[in-house]
Amino acid sequence: MNIPQHVAIILDGNGRWAKAKGMPRSYGHARGAKNLETICRDAYDIGIKYLTVYLFSTENWKRSRDEVDSLMKLFRSYTKTCIRTARENNMKVHVIGDPTAFDEDLQESLKALEESSKDNTGLHFQIALNYGSRDEITRAVRRIAAECAEGKLDPASLTEETISAHLDTAGIPDPDLLIRTSGEERLSNYLLWQLAYTEFYFTDVPWPAFTKDDLLAAIEKYNARDRRFGGRKES
Ligand code: IPE
Ligand code: IPE
Ligand code: MG
């Protein structure tokens, strides 16, 4: 089987999964975070090299104060656990998105997580926190414009590579496969630039219930596709 090098996941459905069990949404988020640890190990066992997961969008601040607070609490504990699991599993963790909106202590923990795992050579694990693709592109354009104004970049020589190199995902290959769990079929402002030629896979399984077998099913479907990148397949 051809294993996609980079898999991106919109891990959705934590709230609905919990509700169906008569539990609060925060329980769904906690179980979702736990499942992420398992899926990271499974992904690497399968041979995936890059995994990029959507944990909190720039739009998720619109949720109730209670839910946002409980998510911030969860990110605090998740980040600390992740420092340990990254060490145990040789994972290199990189945060995409704009963490400056988070409390100082969470920003510090996220930096510590990146710093402590930066030399690891196993799974490259990107976590999207306060991430929105439009925000990422806007921040990139702002930096490019500043570099042009300083004379470091020439507007006439800007290329697609210049844009890619200024995104939060600089240096990371584009995803081969995007998975969204829990039935919705939209991008919700995720990796709009990077997903230009990515294969999409949607499943009804809610994130806390998503297993290695579900991941393998997505990869099987990916294998059955005929990727063309605009070219014509030779017969
Ligand atoms: C995904 O689960 C996790 C986050 C967006 C933080 P949801 O919280 O979106 O769960 P549903 O979609 O409401 O079921
Ligand atoms: C997308 O899920 C964001 C994350 C998974 C972090 P949402 O549940 O927030 O997206 P919408 O609101 O259904 O589009
Ligand atoms: Mg959702």
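**Around the ligand**

Mentor: Keep in mind that this is a predicted model. Ligand 1 is surrounded by Leu 11, Asp 12, Gly 13, Asn 14, Gly 15, Arg 16, Arg 25, His 29, Leu 55, Asn 60, Arg 63 and Glu 67.

Trainee: How do the residues of that shell divide into nonpolar, polar and charged?
Mentor: Two are nonpolar, five are polar and five are charged.

Trainee: OK, and which side chain has an N or O atom 2.6 Å from an oxygen atom of ligand 1?
Mentor: That's Arg 63. The protein covers 87% of the 380 Å² of accessible area that ligand 1 has on its own.

Trainee: What about backbone atoms?
Mentor: A polar backbone atom of Gly 15 is 3.0 Å from an oxygen of the ligand, and for Arg 16 a backbone N or O atom lies 2.7 Å from a ligand oxygen.

Trainee: Where does ligand 1 sit?
Mentor: In the largest pocket. Helix H1 (14-20) and helix H2 (25-46) are the elements giving two or more residues to the shell.

Trainee: Which of them gives the most?
Mentor: H1, with three residues.

Trainee: Switching to the overall fold: how many helices and strands are there?
Mentor: Seven helices and six strands. Along the sequence they run β-α-α-β-α-β-α-β-α-α-β-β-α.

Trainee: And why call it as compact as a globular protein of that length?
Mentor: Because its radius of gyration is 18 Å, close to the 18 Å the globule rule gives for 235 residues. Along the principal axes, the C-alpha atoms fill a box of roughly 60 × 55 × 35 Å.

Methods
Residues are numbered from 1 along each chain as its sequence is written. Chains are lettered from A and ligands numbered from 1 in the order in which they are written. This is a predicted model: local features need pLDDT of at least 70, side-chain atom pairs count only at pLDDT 80 or more; totals for chains, interfaces and linings use all residues. Side-chain values use heavy atoms; hydrogens and water are left out. A residue is near a molecule or strand if one of its heavy atoms lies within 4 Å of it. A polar contact is a pair of N or O atoms within 3.5 Å; within protein, one must be able to donate a hydrogen and the other to accept it, and residues adjacent in sequence count only if both atoms are side-chain atoms. Accessible areas come from the Shrake-Rupley method with a 1.4 Å probe; for residues, only the protein chains shown count as cover. On a 1 Å grid over the protein atoms alone, a cavity is a set of points where a 1.4 Å probe fits but cannot get out, and a pocket is an open set with protein on both sides within 12 Å along at least five of seven lines; lining residues have an atom within 4 Å of a point. A molecule sits in a cavity or pocket if more than half of its atoms lie within 2 Å of its grid points. Helices (H or I, at least four residues) and strands (E, at least two) are DSSP runs, numbered from the N terminus. Ala, Val, Leu, Ile, Met, Phe, Trp, Tyr, Cys and Pro count as nonpolar, Asp, Glu, Lys and Arg as charged, and the others, Gly among them, as polar. The radius of gyration is taken over C-alpha atoms; the globule rule is 2.2 Å times the number of residues to the power 0.38.
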